Amino acid sequence: MEYDFTDVERKWRNYWAKNKTYAAKNGSEKPKYYVLDMFPYPSGAGLHVGHPLGYIASDIIARFKRLKGFEVLHPMGYDAFGLPAEQYAIQTGQHPAITTEQNINRYREQLDAIGFSFDWDREVRTSNADFYKWTQWIFIKLFHSWYNKKTDKAEDIKTLITVFESHGNGDVWAACEEVGVFSADDWKKMDEKAQQTLLLNYRMAFLSDTMVNWCPQLGTVLANEEVKDGFSERGGYPVVRKLMKQWSLRISAYADRLLNDLKDLDWSPSIKEIQENWIGKSEGSSLRFKLEGLDEEIEVFTTRPDTIFGATFLTLAPEHELVKKISTADQKDAVNAYVELSKNRSERERMADVKKISGVFTGAYAIHTFSGAKIPVWIGDYVLAGYGTGAVMAVPAHDTRDYAFAKYFDLPIIEVVSGGDISKEAYDAKEGSLVNSDFLNGLHVKAAIKKIIEKIEEKGLGKGKVNYRLRDAIFSRQRYWGEPFPVYYKDGLPYTLDEKDLPLELPDVDAYLPTETGEPPLARAKNWITKDGYPLETNTMPGWAGSSWYYLRYMDATNNGEFVSKDAVNYWQDVDLYIGGAEHATGHLLYVRFWTKFLYDLGLIPAKEPAKKLINQGMILGRSLFLNENTNDGKQISYRIPIEYADDKDRLMIDRFTEVKKMFTNLEMNALSWKTDETGKQFILLVPEIEKMSKSKYNVVTPDDIIAKYGADCLRIYEMFLGPLELPKPWNTNGIEGVSKFIRKFWRLYHDGDNNFQVSDESPTPAELKILHKTIKKTEEDMERFSFNTSVSSFMICVNELTDLKCNKRGILEPLAIILAPYAPHITEELWSLMGNTGTITYANFPEWKEEYIIDQNFEYPISINGKTRTKISLPLNLTKEEISSTILAHDEVIKLMAGKTPKNIIVVPNRIVNIVL
RNA sequence: GCCCUGGUGGUGGAACUGGUAGACACGCAGGACUUAAAAUCCUGUGGCCAUUGCGGCCGUAUCGGUUCGAUUCCGAUCCGGGGUACCA
């Protein structure tokens, strides 16, 4: 008779559900701890063994914190709007809500089977109207806000209107589109339409013509981070640039705060760095150049104003507005041809051609601001229209791209910073001193930058400026399965619905496709108008809308009157530990920070960052198997074989070959290298390869199979035992037997040889107490640094040692059950109850370890000679350095090892090591 | 190219602040129990040499440095994973 996990695990899961064991209490007396997982998109494929990795880790922390006396918020929900359900709807006509519901039910079953301690009363689904009501509500807040750079925060648009009414916009410093100066009188004379049009330039959520990433196959625009190398991240379809009227969110207003506040976050250096790069702050100066014979100026942005005397030409982006105006008659044709060419080249082509230099001379000349020299103005598509001013002052000696351009078109190169060899390559480093630079000569780069900016500002030619790479976030999607905008149009201008009319529910449509005229699917809905007859917005919000604030909703998930109550948010504040994949670094994790800061600015929430600590769990990789066939002409063809056809030695036995043959019509049996096993059966040895786990790669392992065979506790411990949480690792079940053995061995500590429960009330011996207390200490320390794999090891050591001592004493086994409970909740509940406790182990007290049980009287010193360990000598702990060295040197074995030599030096580190130098 | 990570037995990994490298587990080999198997238990297991007895040498990607002592710190190189890419 052995431990039967099936019944025990089922029994306790039912108990937890029935008793709402994991319900979190708002406003509890206890200190709070909020541990959150990135909620999943419920795909049709269900969970594979990689998904629960992070959930198990967070669940262990949640359970540990409960034992430590915290009120723990540990919720789960679904990121339920999204493309796959909609694509499926297009193919089958089935409403995406139905597919989504089915998938969620499947996810829920799988999650429940693992024994997570989620508070399911707080479940959220972004596609539920009572959730997206508040997503729409936040959008309305964004629409009615502007970013005041003077106070450095978002404010109600009313404060801006008040200023306009009294002073116009002359003194307003806002994050906004380019707006001309107007006075209070001008403002008052404007009609409603003019005023609204103007305000649209200031709003945090605004409508504008934007160059977007249009994906024709998906029929929608995509955000920058949804595009990889010119193809859509989902589906891998080509993406083109297109000018469209779109909703955008003014995330760029927060660029500096998003960057600065990173330093206080306990997030991994790599995620911080990815965000830093994505925000892309660069400091420099703007600078205007006059054009010869024209009443126009070109403004450039440069981070190296110190190299101004090395500027030998200017380069404009082909899209630059001055291109047409300044081109001379004899260059006009060449310029037009080049502009046309670049316009039609897709992003993809531009990227592929990075190394290919192209450009054309406009015929115009600029006057060098300081030297007065005539310098030519060129066009080149290495200059991007969207960054800085779309124009650069080219300093070929000190910029690699300018250097390549100058070499190619044979333009002059003047060295102005010493230190490199400009005959060979550009010298980009910000080190060295200035030469050939008039009043800057002799200065170091940093000092020169400071001086030249002063000079530029003094002459009124420009000013010190900061530029960001971060673009405003495009917020419309031409899709069905997303949040409808709470927006209608009057006179062609957008207005928001009244808050009391929320939610604006997603209407039914006859097909999930764009209309014949190319409008989004919502244009198909009947009566898609307000009660006053105004047309409603037909775009929907992107996938990341709901996920940008869902962590707040969990705090107060059923509140119908507010997105989250003040009491709830003041108690829970923010997420203490957030666990999820690193692939969300530039998307979700940036947007959720942005929305948090926005809501904070409006005084709606107390914390300005969503999550204090973030851990990115490593991906669990799949192991794919390939069958290699040698063709007659000596080539090799690989077939991907579903892993369920192979045995645990990667062998495809002959009796399963017919099934495989059905998948591949060309597969020739006699072209394969068959081998014979011990029993005479034929098989083919398949070739493994480690890659991402995915349905299409036939390498998915589901948690269900593992749980059926070994139990949920075993799956939980095994996933933790695989290695450090953050590292990516291939899935294999090689070690799972070891974990399963450990669980059975643990069970046997509490039982006699016939599986009868048997725990004694004898007092524990010092040896037993030592084993227990060092394990408590170790697991507690490991928990602090999220080192779950090493904790599992120490549990194994503990159980092994107690087994050796045949210890079955309550004084040891009861605390042991508690410290193991976060990892193996089912078996420990059962043992806890067998030991006579009523109720759950969840809220027991985590035992405290005591130093007195752990410390030894002696320390076994490793004795090294010249740094190499030679022997070990046990000595009492309380000796002085001198006592230790004299005892050691007098020791027989040491005398033998020293072979008559006199030690040159002896290093004694108390309770660590002794090293004798000969 | 640039930035960030990582490289330890046959395998997953441990060694937390420079102080006994390889914990724990898998696998493998041998043994006990059993009619047999499963389960369980015991022994061994980095490499090379010597194994009658101690033992000796090498070893944390490679090369070099700092140190009484380096998987850990520093420099250079190689390889893997991730991010990013005309951002002026």
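This is a predicted model: local features need pLDDT of at least 70, side-chain atom pairs count only at pLDDT 80 or more; totals for chains, interfaces and linings use all residues.
Residues are numbered from 1 along each chain as its sequence is written, chains are lettered from A and ligands numbered from 1 in the order in which they are written, and side-chain values use heavy atoms, without hydrogens and water.

Chain A contains 30 helices and 33 strands, defined as DSSP runs (H or I, at least four residues, for helices; E, at least two, for strands) numbered from the N terminus. Its C-alpha trace spans about 100 × 85 × 75 Å along the principal axes. Of the 918 residues in chain A, 53% are buried (under 20% relative accessible area, 1.4 Å probe, protein chains only).

Helix α3 (residues 83-92) and helix α4 (residues 96-113) have axes that come within 8 Å and cross at roughly 125°; axes are lines fitted to C-alpha atoms, for helices over the stretch in contact, and angles run from 0 to 180 degrees between N-to-C directions. The two helices are therefore oblique to each other, a class left after angles under 35 degrees (roughly parallel), over 145 (roughly antiparallel) and 65 to 115 (roughly perpendicular) are set aside. Ala85, Glu86, Tyr88 and Ala89 in α3 meet Pro96, Thr99 and Thr100 in α4, where contact means heavy atoms within 4.5 Å.

Technical notes. Buried means under 20% relative accessible area, exposed over 50%, partly exposed in between (1.4 Å probe, protein chains only).
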